[in-house]
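I open this notebook to record what I looked up in the structure. The entries follow in the order of reading.

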Amino acid sequence: MPERNRTTAAARPPEATVPAAPSPGGAAREARGPGGAPLLDVRHLRKLYPIKAGPLKRTVGHVRAVDDVSFQVHDGEILSLVGESGCGKTTTAKCVLRAVDPTAGEVLFRLPNGEVVDVAKLSEGQLRPLRSQMQLVFQDPFGSLNPRKNLLDIIGEPLLVHGVKSRQQRMDRVAELLNLVGLRPEYMHRYPHAFSGGQRQRVVIARALALEPRLVVADEAVSALDVSVQAQILNLLLDLQRRLDLSYLFVAHDLSIVKHISHRVAVMYVGKIVELAPTEELFHRPRHPYTSALMQAVPVPDPDKRAALRGLPGEVANPADPPKGCYFHPRCPFATDVCRSETPVLREVGPGHHVACHRAEELDLPGIDELERVA
Amino acid sequence: MTLPTRTAASPAPAPRSPAVSERERGGEPVLSVRDLKTHFRLDEGVVRAVDGVSFDLYPGEVVGIVGESGCGKSITMKSILRLVQPPGRIVGGEIRYRRPEPVGEARRRYKPFEADLARLPPQGRRMRQVRGGDIALIPQEPMASFSPLHTIGEQIVEAIRLHEPMPKARAREVAIAKLREVGMPSPEQRFSAYSWQLSGGLRQRAIIAMALACNPSVLIADEPTTAIDVTTQAQVLELLKRLQADHGSSILFITHDLGVIAQVADHVVVMYLGKVMEQGPVSDIFHRPRHPYTRALLKSMPSLHSEPRVALPTVAGSIPHPLHRPRGCAFHPRCPDFMPGRCDVRVPALSAAGGRSPVACFLHHDEVEGGGHDA
Amino acid sequence: MQPGSELVPVEKTDRVPDGAGESAEVVAAGPAVYVAPAWKLTWWRFRKHKLAVACLWVFAVVALIALAPEFFATQDPNATAASNAYIPPQTVRVLHEGRVTWPFVYGVRGERNQRTLRMEWALDEETRYPLRLFARGYPYRLFGLIPTDRHLLGFEGATGRDTPRLLGTDRLGRDQWSRLMYGTRISLSIGLVAVALSTVLGIVLGGVSGYFGGWVDNVIQRLIELLQALPPIPIWLALSASLPRTWPVTWVYFAITVILALLGWTRLAREVRGRFLSLREEDFVTAARLVGASRSRVIFSHMVPSFTSHIIAAVTLAIPLMILNETFLSFLGLGLRPPAISWGVMLQEAQNLQSVVNAPWLLIPGLLVIVTVLALNILGDGLRDAADPYSS
């Protein structure tokens, strides 16, 4: 057999992965923020879209995109919103950022000086300075960069809008940001069409970080990328979170990615949060039948574990006309009369573990460990 | 259907499909692709979308073709069905199809047929008979594949009558039976539904019913679960496996999702930039991958069981454009086991020498594409 | 996992753009493509359409003529000479007595037919006038500023009223070739000015409609529908007929332009509105808003540049319509009138069958209309295809 030369890693090449050990303070930082108010506190958020019918366009009903959602994000924490199509996770993220105006509820954000503001109630003018505090990483790397602007203009725009008038200053900062996301500073003169999907996503991340936000909302940030590139971007996101002490609100539908990256997970179904718990807890001891069913449905990349794949009967409920009582009851194998008549509230059943299910205490549901027993 | 609880006994594993033994027994393949080359002649140069792909599909077997964007899996599928439009052309290789003898009552109407599909006129009578009647496609986007102006029932009836002349009433019965077989609730009513009236999961079932309408011996599933939720995906995969067991059909399953491949495939073909990098039985590919690309792909996927928030091992760089195909082995610029002087000069052949299953890598043999050995 | 095994010197993959994202032509263009702004990409794409590029040259020639028609003319277009009526074209030849010679023109001899009392013209092969380039001719002011008497074409040995008429003469003995050159200026400029006006109207109203939506959109759309439902010909007839006959030519010119523009902005407004509506949903526009960009910045810095190439394409396609409209109006006598010269005015001379039969060269302005309109249409199509990144 011929000899193999192993290539040695260049020192800090761009786009390299950073093999990192979990940060030492990570475990302590995971649970709660520094003893005080959370960074983001969403309370009873609702977003209803009116359905109009008839020649006079009268409102005949509402699509309950986000239906009484409450959660918190603490400093340095990654909270994921996970669910299937129509569950409202993207709309929730948009409400938090005020890309969309919520119908009701509060979005309390803690400013650097300690003051807490309700993002939902601010006017456009008051929102402006807040924009630097929270930013969005989009899903589609091809649509979220203006194809007519080069990277300097794209990443420099937040700086320009917030008063950095000197072009040299902007160039310096953009160079710094490009380095941070693993791209060469020379690239700032190039246009988006010169880059691959993964590289463009790095540019999107660089733009999001330009104003040093404290909260980054990632809306399916890796879903549109090839598998081999997803890992690069996930590593980058983790690395940046550690280095810059960011908080993420990570919206995704892929459970494996969510488990890999989050400290805590909120599972959503048809506009409501059905379970909210620390990651390990949620995946090993799920308390809501839907959470358990989701895990059962994820195809495990192991051909010896085939019988584990199970789907749920029926279809995802219609957010315009959800079932009475618990929205999940038509598909739930454990539904009882109370489930069919009363909507459950999200309540705490364990330390940090919240579930919206009438039967949470009685049920003993399989988590990911139970998937392994089958073969 | 009940979800298994923690204390329930593990259910029995799924029965191994009989086809594995067909391949091992050395029987006749249904579809035999040999050195298929489909090139696109553009002003800028020749794009070798499919460049020497070979694999076999046996009766009753599921072969998974897996790869990322630009690997040529879609064009391979289109080439088999002769759907490639100019400036694309099949410039070499053969696609040998042999109609297998059905079991049971259909045996009476069996007419043997064997041809090299690459040589048939694409719009000729024989190819049109094969398309839909012998080899059917389950496309990626069911919404785009149904005409919005006709009911799904009408379209299934049309498909049936194109391949087997029969009175409309009987075709309608056959269509309703197919809808029932794919698990469509209330098939008689749904027969008269339009595709846009159905939810994603039901549309997917409808398109599978249409594909099955003429009892094809080969089903080509082109990313059938990419556009649907994970719980619906599990249902659809379950359905495909059941149909395959009932009819003994072979499935060519094209996807980028390794988890899905692990769940449904018997035999896996890994493609990269128009070539096959490795192929073999599914457990070999997942548990004993030999090609560095396959290994890197498997390692870089986060799964439900991997350690959270640790940097994933990644493949550096991104997939090159086919116009900028690297010299020698297409993967060498990104390969951790790259051997200078060999991998960037000669193209490794897909050879089983040195092991059980074919792999295109000089780490495992020194055969060069086009014959001969690397010195 | 060993640290060395996952990392690769990035130089190898550094310069290679992704397979899935870009079209082959962009990839094949090489590294220059990376720093090429969007308009350059559009231009490269456009250059591949050989026919459209050819039409660009054709249009360039026509535009050049429109800029300096006096340079291309050979005689004063308004000089009448009743005795020179209906002279057939004295075409440029290169063959004389079987030999190839320097391009020249035969003279013409006229004889009055004693029966019909009409002049009959025949070629006089005895007299030859060789073609001269940059010759001296009648004086004029280039661009209205520089006095000169140089013309592109001239003829040796013939001056003044004997100057050969390359395209013949009309009823009043006026040189058609020179009139054609002068007519190009008016016809083309009316088209351009009218389009410019309607473009401004269209962008503003279409943009407002698309960006704000709601009742503003509703009102403007209904207005557009109303205007589009009006039959254009009767409206033009009415508006043109209402122009006082005593108005000088220039006033009539502007009035026609304004009329054409007022009725023509609706198409462009619809397109602009459509673009705005779709752009509003684009992620990069949302990104700009989320960064705190002001509304005007979002519109002018992000949305407008995105459809500039489409606007150029739409404008290029609107010009031929305006040219046709003016030609049509003037042909009917409802637009420009003599002494103004435009292709439509020239075609008025060809209105009756007798002229067409006896002097078919009077239809040549129609040919030029066809060529210009075709060229602009093909050019506009080419621009539109190049500007649309999804058309490949």
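Is helix 6 of chain A largely enclosed by the rest of the structure or exposed? I found that 13 of its 13 residues are buried, so helix 6 of chain A is largely enclosed by the rest of the structure. I count a residue as buried if 20 or more other C-beta atoms, placed from the backbone, lie within 10 Å of its own. Helices are DSSP runs of H or I with at least four residues, and strands are runs of E with at least two, numbered from the N terminus.

I noted that this is a predicted model, in which local features need pLDDT of at least 70, side-chain atom pairs count only at pLDDT 80 or more, and totals for chains, interfaces and linings use all residues. Residues are numbered from 1 along each chain as its sequence is written, and chains are lettered from A in the order in which they are written.

Next I looked up chain A as a whole. Chain A holds 12 helices and 12 strands, and 54% of its 375 residues count as buried.

Leaving aside neighbours within four places in sequence, I listed the contacts of B:Ile220, among them B:Met77, B:Ile135 and B:Leu252. Two residues are in contact if their C-beta atoms, placed from the backbone, lie within 7 Å.

Technical notes. Buried ≥ 20, exposed ≤ 12 C-beta atoms within 10 Å, placed from the backbone.
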